[in-house]
Amino acid sequence: MIEIEKLYKKYKNSDVFALEDFSLTIKQNEIHGLLGPNGAGKTTLMSILSGLIKPTSGNVVIQNLNQKTDLKKIQKIIGIVPQEYALYPTLTARENLEFFGKIYKVPSKELHEKIQLLTEKVGMSKFLDKKIDSFSGGMKRRINLLAGILHQPEILFLDEPTVGVDIQSKIALLDYLQELHQQGMSIVYTSHHMAEAEDFCTQVTIMNQGKSIVTAEPKELIKQVNAYNLEEAFVNLTKLS
Amino acid sequence: MLSQLLACIKKEILLLIRDIGGLVILFIMPLILVITVTKIQKSTYDSFAEASIPVLFIDHDQDSISAIVKKHISHSGNLKIVTELNGKKLTEDELKTEVFKGKYQVGIVIPAKLSKDLNYKINQNVEKILNEFAFDSTQVKYNQQVNPKTIKLYFDPATSLAFKENVSNVLDKLITDTENKSIYKAFQQEMGSNDLGFQNEKFIHFQEIVPEDSKSVLKPNVTQHNVPAWTLFAIFFIVVPLSINIVKEKSLGTHIRLLTSPMPYSVQIIGKTITYLIISLLQFTMILCVAKLVFPLIDLPGFKTDGILFSIYGLTIFASLAAIGLGLLIGAIAKTQEQSAPFGATLVVILAAIGGVWIPVFAMSDFMQHFAKISPMNWALDGYYSLILRNQSFLQIVPNIILLTLFYIITLFAAIYYDKFRRED
């Protein structure tokens, strides 16, 4: 599904590689967690996978489409949920969702139905005509997520989707993401929350200093390094590397 | 692609409508600006023409020349002779103090024996000339040395250069005319005749010819000068909300969503261009309506657009494109709103200053005139003046339009390239 081969990324004003000899295979219908400390290269990897920036060298193939030649096709089948609340604060939730649906060419009638349905699922239908700047962090996160899935992407990239939200909103978000996963959507996700990743991900890759250290199922990984939980495994692995 | 473009335009319009500060910058401030500046300039001209400016006057001559100067000043209509202060005759020290304190704009001191010495000098010269022709070389009546005379002019240091020049020129002309008449008179006297048939009336007259079209004579007035200049200034101010809009998209993260969507980047740019072009044309229409309909109600000349309406709208489209290109570039370069807003506003003020919005380009130094040529505001302003005041056709301003279009294209590509470069940086 996603084949990352010998990826290197060096920013112009940097002496070190943000990604170095990074290879990874993410299979269909996984919830794949990219875990690592700050500066590990998670956001750079997400930016490359979504086509926002180009790698210095290496190759990315998504659903048999090569990113170098088929970027626009890839962008149609992926959804992005950035770490920021990537919404227009002075527009209502409905206006935001309509705009982001339209840029993916979702037909108007289908889009309106989807907005209604999806906002009901995440408990936001009552607030559709309220402006984003009147929302709490959790409400913004939910609309932020919906803006990335209106066009029913095959693969969803989530960058720290639960940062700054209350526990109720976090549970609601993760439950809904599980539901999407059960419907067949593959999810690539970055997080600092190891406990959240342990429960949520079917597969995790631990990254440090631009390199992939290990890829495994969370439980298997904990067992491999003889740790108590994923957090301990993560600390041990990143310390060693 | 069309549905994506329409969605972008709708989004941009909604963002603008909800931004009250932006709307004030775009629509209210330009109106206030155009009305205020035109009204101030009109009232300045009017007050200069109507008001009676007091002129401190000391007459040590007490003869024909000072009488002529006094008479001319008294009859000028906008200058009034003042020879006494607090009931006492004015002294030169008092005159100097009063003028340099700014209580009076100008003071004139006519030296003693000016008329007498001038006439003596003229007679001396005439006598010399006639002696050269040997009409009568034996009699030399005017053989004394006469020193040159100085009429002292005192100006308030805060007085404008134009006023100073004007007063000096008027006095210079008066003295020259008087001198000429005295020369003729001296010839008549020396040749022993009371009437040699010299005609003292002006032989050369001045007539201002203004551009004409088949229907009417286009007389430049304060409205015809100010409306295009300040409308252009307002149009270029869209640089501020447009660059803020782009910076906000970057800081909010919506930029990431847009760049990672299948929608071509060009659609986003076209969406912004169309929206801000509509805004510019609305601004222009609003100012035009006010200048045509409201100006006459507030004692200002109405703006005339007879036969040039389509041409000035055509030029406005290209001027707006240049402004949009600049806004896109500043938006791409700036990292925060704190950078884009003051930088954009200051840049527009600089472009307006060097572009001739405040001071005509011809009045600038050679060095600054070269700079004026690189200001898109100058290209647009020159185009407006060509259409409105010089009675030229749209075809004649095509070079201006080409420059404005090139400016849009260059700034647009620079913005796209810089944005790409920055992301990879």
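Trainee: Which residue is the bridge partner of L34(A) in strand 9 of chain A?

Mentor: That's T205(A). Strands here are DSSP E runs of at least two residues and helices are H or I runs of at least four, numbered from the N terminus. One caution: this is a predicted model, where local features need pLDDT of at least 70 and side-chain atom pairs count only at pLDDT 80 or more, while totals for chains, interfaces and linings use all residues. Residues are numbered from 1 along each chain as its sequence is written, and chains are lettered from A and ligands numbered from 1 in the order in which they are written.

Trainee: Got it. In what sense do strand 3 and strand 9 of chain A pair?

Mentor: Parallel: strand 3 (residues 31-35) and strand 9 (residues 203-208) of chain A share 4 bridges. Two strands count as paired if DSSP finds at least two bridges between them.

Trainee: What's the strand order in the open sheet of chain A?

Mentor: There are 6 strands, in the order 6-7-8-3-9-10, and the pairing is mixed. Strand 6 (78-81) and strand 10 (211-216) of chain A sit at the edges with a single partner strand each, so one side of each has no neighbour in the sheet.

Trainee: How much are neighbouring strands turned against each other?

Mentor: By 15 degrees on average, direction ignored.

Trainee: And which strands does helix 5 of chain A touch?

Mentor: Helix 5 (residues 137-149) packs on the sheet against strand 6 and strand 7 (155-159) of chain A, and its direction makes about 160 degrees with that of strand 6. Axes are lines fitted to C-alpha atoms, for helices over the stretch in contact, and angles run from 0 to 180 degrees between N-to-C directions. Contact means C-beta atoms, placed from the backbone, within 7 Å.

Trainee: Switching topic: how many residues of chain A are in contact with chain B?

Mentor: 28 residues of chain A, against 22 of chain B. On the chain A side, helix 2 (71-77) and helix 3 (93-103) each supply at least two residues, and helix 3 gives the most, with 5.

Trainee: Last one: how is chain B divided?

Mentor: Into domain 1 (2-44 + 225-424) and domain 2 (52-190), with bounds from an automatic or database domain assignment. Their C-alpha centres lie 53 Å apart.

Conventions
Two residues are in contact if their C-beta atoms, placed from the backbone, lie within 7 Å.
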